[in-house]
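Visitor: Can you walk me through this one? I'd like the ligand and a bit of the fold.
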Amino acid sequence: MAVTIKSAREIALMREAGRLLGIVHEELGRAIRPGMSTKDIDRLGEKLIRSFGCTPNFLHYQGYPASICVSVNEEVVHGIPREDHILKEGDIVSLDAGLIYKGYHSDAARTHRVGKVSPEAEKLIAVTKQSFFEGIKKARAGNHLYDISNAIDAYVTSYGYGIVRALVGHGIGTKLHEEPQIPNFAQRRKGVRLQPGMTLAIEPMINMGTAEVVWLDDDWTVVTEDGAYSAHYENTVLITDGEPEILTLPL
Ligand code: MF3
Ligand code: CO
């Protein structure tokens with residue numbers, strides 16, 4: 001399967017899928033506080049998604065048991081929500097969420113502070129978010145896919161952080177994961193030429209220390225090998241004739 005180009009009708013549906021997910025993230029971000037469990041976040045996220053008449057696309061995806069991936073501190077991604085995992089002041093928590101609206105998927109992630117966090121954690125969150133925006137400066141028709149990867153790498157590497165290589169971004173549309181894969185680290189090849197109508201989930205996962213990650217025994221939770229904190233920031237993005245359109249920010 002090649003990279004899909006969405007029609008005007010499909011783009012309208014992707015926009016709505018993205019807009020609603022942007023609202024879900026905004027609400028989840030507002031709800032975060034010390035004392036809540038990671039399962040509380042999942043419950044709220046699923047409720048919000050269903051309140052829009054949408055379906056959580058992560059739930060049961062390859063056996064994943066929840067609607068929202070909740071990854072705390074050294075957890076990179078795919079943390080499984082638990083009643084007995086309680087957020088505490090100083091934690092950083094990455095929320096990855098997605099939904100299906102009329103057959104079209106959206107996917108986005110944010111890393112939040114729990115109360116007041118260390119300046120180091122603050123900086124990691126900010127650089128991870130900005131690396132996405134550095135990447136999408138290159139997300140223009142006529143450029144190549146790996147221009148995005150290279151831009152993310154150059155920015156993040158200048159801070160000395162580790163860029164996760166074991167997991168990458170992806171195309172998105174009628175499936176959560178479509179071609180192409182989108183690495184967040186520098187590539188020697190150019191990758192596909194970007195065209196209007198491509199929809200891409202760009203999602204840098206950035207570690208304060210080593211780039212190396214390991215999987216916990218639950219076979220989902222990805223953690224940093226050295227136990228240092230990790231942050232994640234993702235949006236679903238539409239390639240256009242001009243500026244890229246970020247579909248998963250609330251309008
Ligand atoms: N943003 C994640 C990804 O693109 C969401 C998948 S999590 C899963 O892989 F639980 F659904 F697997
Ligand atoms: Co994704």
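This is a predicted model: local features need pLDDT of at least 70, side-chain atom pairs count only at pLDDT 80 or more; totals for chains, interfaces and linings use all residues.

Visitor: Which residues surround ligand 1?
Guide: Phe58, Tyr61, Tyr64, Cys69, His78, Asp96, Asp107, His170, His177, Glu203, Trp220 and Glu234. Each has a heavy atom within 4 Å of the ligand.

Visitor: What polar side-chain atom lies 3.0 Å from an oxygen atom of the ligand?
Guide: One from Glu203. The side chain of His177 has an N or O atom 2.9 Å from a ligand oxygen. Glu234 places a polar side-chain atom 3.3 Å from a ligand nitrogen.

Visitor: How much of ligand 1 does the protein cover?
Guide: 94% of the 330 Å² of accessible area that it has on its own. Areas use the Shrake-Rupley method with a 1.4 Å probe.

Visitor: New topic. What is the strand order in the open sheet of three?
Guide: E3-E12-E11, with antiparallel pairing. Strands are DSSP runs of E, at least two residues, numbered from the N terminus. Pairing takes at least two DSSP bridges.

Visitor: Which strands are at the edges?
Guide: E3 (75-77) and E11 (213-215), each pairing on one side only.

Visitor: And how many bridges join E11 and E12?
Guide: Three, in the antiparallel sense, with E12 spanning residues 222-224. Trp215 has Val222 in E12 as its bridge partner.

Notes. Residues are numbered from 1 along each chain as its sequence is written. Chains are lettered from A and ligands numbered from 1 in the order in which they are written. Side-chain values use heavy atoms; hydrogens and water are left out. Helices (H or I, at least four residues) and strands (E, at least two) are DSSP runs, numbered from the N terminus. A polar contact is a pair of N or O atoms within 3.5 Å; within protein, one must be able to donate a hydrogen and the other to accept it, and residues adjacent in sequence count only if both atoms are side-chain atoms.
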